[in-house]
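Please look through the sequence and the model shown below before reading on.

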Amino acid sequence: MRIGQFSAGETEQRWCGALVDDDTVVNLPASGTAAGVDIPRTLSALLEEWNWKEKVSLAIEYAAETGTNRYGLDELTRHAPVDDPQKVVCVGLNYEDHAEEGDNPIPDEPVLFSKFPTAVTGPGDEIAWDPEYTEQVDYEAELVVVIGREARNVSQDDAEEYIAGITVGNDISARDLQHGDGQWVRGKSLDTFAPTGPELVTLEEIDLGDLDIWAEIDGERLQDSTTANLIFGIDELVSFCSQAFTLTPGDLIFTGTPPGVGVYRDPPVLLDDGTTVTIGIDGVGELTNTCRQR
């Protein structure tokens with residue numbers, strides 16, 4: 001199941017949609033109402049419904065039977081799958097070779113930090129910053145977990161039950177702010193510095209343990225790895241976070257980036273005005289954004 005947030009035409013009104021093939025999207029709230037089920041317009045609200053997958057399935061079936069509430073993907077604007085998370089939790093140094101490229105020790109347990117929710121933006125949106133405020137803007141390809149149920153003190157064995165699905169993320173980082181501050185929140189949380197999308201993909205669609213992940217800068221592949229190289233796996237991360245704080249439906253967990261980020265390359269490859277960044281995860285999708293200095 002692949003679910004995202006979309007809008008049609010010039011309207012800014014967003015709604016949940018399900019991809020039923022590579023180029024067709026079902027308007028879930030509209031189809032759900034006709035099918036006799038109540039589907040909220042936002043994905044985060046949908047995830048709060050205890051039987052949300054069943055409701056989505058009924059809406060998709062109704063749209064297939066009637067031929068209504070279906071759109072061509074090229075008619076729509078994609079938005080971040082969850083654009084209003086309560087929390088954006090991030091994991092640092094979760095690929096051993098990424099820790100090593102920055103001369104950091106291999107962590108014994110997950111290193112957590114956060115991005116503010118106002119950093120979240122979607123596919124095709126601009127990554128924007130003031131060049132007088134930061135001069136070292138970098139990319140980080142990441143798999144992002146979307147929480148589907150309230151989770152507190154969850155065991156590692158049960159963690160997948162609390163995951164709604166995954167999506168693609170780019171942990172944009174202002175390295176001069178990050179390294180100058182000595183802690184990471186400001187440099188990671190500028191507006192637009194958390195692109196996600198294109199859709200949420202539920203777990204039955206993919207193998208979490210071995211997904212190719214990459215980053216391309218203006219078409220050149222600079223990160224290329226697999227989630228099999230994660231130090232701390234997805235289940236362990238969800239459990240670890242839930243021991244510290246309550247995870248709620250729609251919360252995002254950025255799970256770490258592989259080696260090849262721009263600041264540690266020789267010479268460094270940093271983002272600039274007009275740069276195009278594509279982050280891809282096999283079986284999940286590609287997330288493309290253009291950079292703009294303002």
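## Glutamine 5 and its surroundings

Once neighbours within four places in sequence are left aside, glutamine 5 is in contact with Trp15, Arg41, Thr42, Leu43, Thr77, Arg78, His79, Ala80, Pro81 and Asp83. The model in which these contacts are found is a predicted one, and this should be kept in mind throughout the report. Glutamine 5 belongs to strand 1, which covers residues 2-8.

Is glutamine 5 buried or exposed? With a relative accessible area of 2%, glutamine 5 counts as buried, because that value falls under the 20% cut-off.

Strand 2 is mostly covered, with 5 of its 7 residues buried. Valine 20 lies in this strand, which spans residues 15-21. How accessible is valine 20? Its relative accessibility is 33%, and valine 20 is therefore counted as partly exposed, because this value lies between the cut-offs of 20% and 50%.

When residues up to four places away in sequence are not counted, valine 20 touches Val26, Ile60 and Arg70. Proline 258 stands 238 residues from valine 20 along the chain, and the C-alpha atoms of these two residues are separated by 31 Å.

## Strand 6 and its two partners

Strand 6, made up of residues 88-92, is mostly covered, and 5 of its 5 residues are buried. In a regular strand, side chains alternate between the two faces of the sheet. In strand 6, Val88, Cys90 and Gly92 point one way while Val89 and Val91 point the other way, and all of them are buried.

Which strands pair with strand 6, and in what sense? Strand 7, residues 111-115, runs antiparallel to strand 6 and is joined to it by 5 bridges, with valine 91 standing opposite leucine 112. Strand 17, residues 252-254, pairs with strand 6 in the parallel sense over 3 bridges, and in this case valine 89 stands opposite isoleucine 253.

## Helix 7 and what covers it

Helix 7 runs over residues 234-244, and its buried residues are Ile234, Leu237, Val238, Ser239, Cys241 and Ser242. The elements that cover these buried residues include strand 6, strand 7 and strand 17, together with strand 11 (141-147) and strand 12.

## The two largest pockets

The largest pocket holds about 220 Å³ of space. Its lining is made of 17 residues, and those that lie nearest the centre are Trp52, Lys53, Arg149, Glu161 and Ile163. Helix 3 (52-66) and strand 12 (163-170) are the elements that give two or more residues to this lining, and the largest share, 3 residues, comes from helix 3. Sorted by class, the lining of the largest pocket has 7 nonpolar, 2 polar and 8 charged residues.

The second largest pocket has a volume of about 190 Å³ and is lined by 18 residues, of which Leu93, His98, Arg175, Gln178 and Trp184 lie nearest its centre. Strand 6 and helix 5 (175-181) each supply at least two residues of this lining, and helix 5 gives the most, with 3 residues. By class, the lining of the second largest pocket has 5 nonpolar, 8 polar and 5 charged residues.

Note on methods. Residues numbered from 1 in each chain as written. Predicted model: local features only at pLDDT ≥ 70, side-chain atom pairs only at ≥ 80, totals over all residues. Heavy atoms only, no water. Buried < 20%, exposed > 50% of the residue type's maximum accessible area, 1.4 Å probe, protein only. Helix = DSSP H or I, 4+ residues; strand = E, 2+ residues; numbered from the N terminus. Pairing = 2+ DSSP bridges. 1 Å grid on protein atoms, 1.4 Å probe; cavity = no way out; pocket = protein on both sides within 12 Å on 5 of 7 lines; lining within 4 Å. Points joined across faces, edges and corners; volume = space filled by probe spheres on them. Nonpolar A, V, L, I, M, F, W, Y, C, P; charged D, E, K, R; others polar. Contact = heavy atoms within 4.5 Å.
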